[in-house]
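Subject: Structure handover

Hello,

Please find the structure below, followed by notes on what was found in it.

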Amino acid sequence: MAKDKSSKNENKKENQVSLPPSGFKVVMREITHDKVAMTAFSIIVLILIFTFIGSMFLSGKNVTEVNIANAYYGWGEAGHLLGTDDGGRDVLQELIVGGRNSILIGISVTVVCEVVGLVVGLVTGYYGGVVDAIIMRIVDFIQILPMMPIIIVLTTTIPNYNAVTLVWLISMFGWTGTARYYRSFVLSQRGRDYVLASKTSGSSDLKIMFKEVLPNISSMIIIDVVLTVAGNIGIETSLSFLGYGLPPTTPSLGTLIGFANDPVNVTTRPWLWLPATILLLLISLSINYVGRALQRAGDARQREN
């Protein structure tokens, strides 16, 4: 009996050792071993604290209140750490609120695009055939449309234009690339043994798509979400830079960077546009490095599974 118990314990230990690490452990191991990714992640956390928590201590009216008498104060003058703009508004306060608004727009657009794109990608990749051909032709048509000119025209014609409207306008075009991205992974999964076994056992298509296929592409979803946020922040900033993004009364990184359109501001008033430019670069580069680390983690998980 003692020998039987000892042999069972050894078998249990062998089984425990042979089990592959969980996806979370693989991701954390890859990220913690990458010093650049850890630094980038720390920068993202600091930026989120700076913008979201910092904006809690600011009043929206005070940030956008115009006081011409305080216009164009330089670095640290009259108690303004980053100076003031042409309307006497504190640039530091605009940077905090503008950064928060740009990040919120990027996250909101990403959520809409990911939900729509994921559902469309699952349906087209799982069913294939006629369903895939019809939906993909619609996706192709939307992708060839000039997104920026159309959004610019719509922002000038839509009444009561606001941030919510901008989110839907960008999402109207952004979901197509996400749908095509997920479709490619679902196409590679639908012929796997676990999908065929679920079909044989009588599982519904919805159950197979959302409970069988979806968990197997979860690592790809995380990677796409992270990288898409950075891209959508860039789109919003570009539109605001051109004057067709957020309304003029709503601070944005793009509106601050837009001060660089004036050569006088570029040469003599760098405090107007330089802090927002640096913040945007830090956001974009940090998200990109974290996204690359997540991609390596996803590849490592697939190798170990």
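Helices (H or I, at least four residues) and strands (E, at least two) are DSSP runs, numbered from the N terminus. On that basis the protein has 14 helices and zero strands.

This is a predicted model, in which local features need pLDDT of at least 70 and side-chain atom pairs count only at pLDDT 80 or more, while totals for chains, interfaces and linings use all residues. Residues are numbered from 1 along each chain as its sequence is written, and side-chain values use heavy atoms, with hydrogens and water left out.

Overall: of the 305 residues, 40% are buried (under 20% relative accessible area; exposed is over 50% and partly exposed in between, with a 1.4 Å probe and protein chains only). Contact means heavy atoms within 4.5 Å. Among contacts between residues at least 6 apart in sequence, 71% join residues at least 24 apart.

Cores: a nonpolar core is a set of buried Ala, Val, Leu, Ile, Met, Phe, Trp, Tyr and Cys residues joined through side-chain atoms within 4.5 Å. The largest has 27 residues, of which Leu 95, Leu 253, Ile 283 and Ile 287 touch the most other members. Helices α3 (35–55), α5, α11 (218–242), α12 (253–257) and α14 (274–304) each supply at least two residues of this core. The largest share, seven residues, comes from α14. Leaving aside neighbours within four places in sequence, Leu 253 is in contact with residues including Leu 95, Gly 98, Thr 237 and Ile 283. Apart from this core lies another, of 19 residues, among them Val 109, Val 139, Leu 166 and Trp 175.

Helix packing: α5 (residues 91–127) and α10 (residues 205–216) pack at an angle of about 110°, with their axes 11 Å apart. Axes are lines fitted to C-alpha atoms, for helices over the stretch in contact, and angles run from 0 to 180 degrees between N-to-C directions. That makes α5 roughly perpendicular to α10 (65 to 115 degrees). Residues making the contact include Leu 118 and Tyr 126 of α5 and Ile 208 and Phe 210 of α10.

Backbone: most residues other than glycine have a negative phi. Tyr 72, in the loop between α4 (60–64) and α5, has a positive phi near 60° and is partly exposed, with a relative accessible area of 32%. Asn 160, in the loop between α7 (147–157) and α8 (163–189), has a positive phi near 55° and counts as exposed at 72% relative accessibility.

Regards

Note on methods: Parallel < 35°, antiparallel > 145°, perpendicular 65-115°, else oblique.
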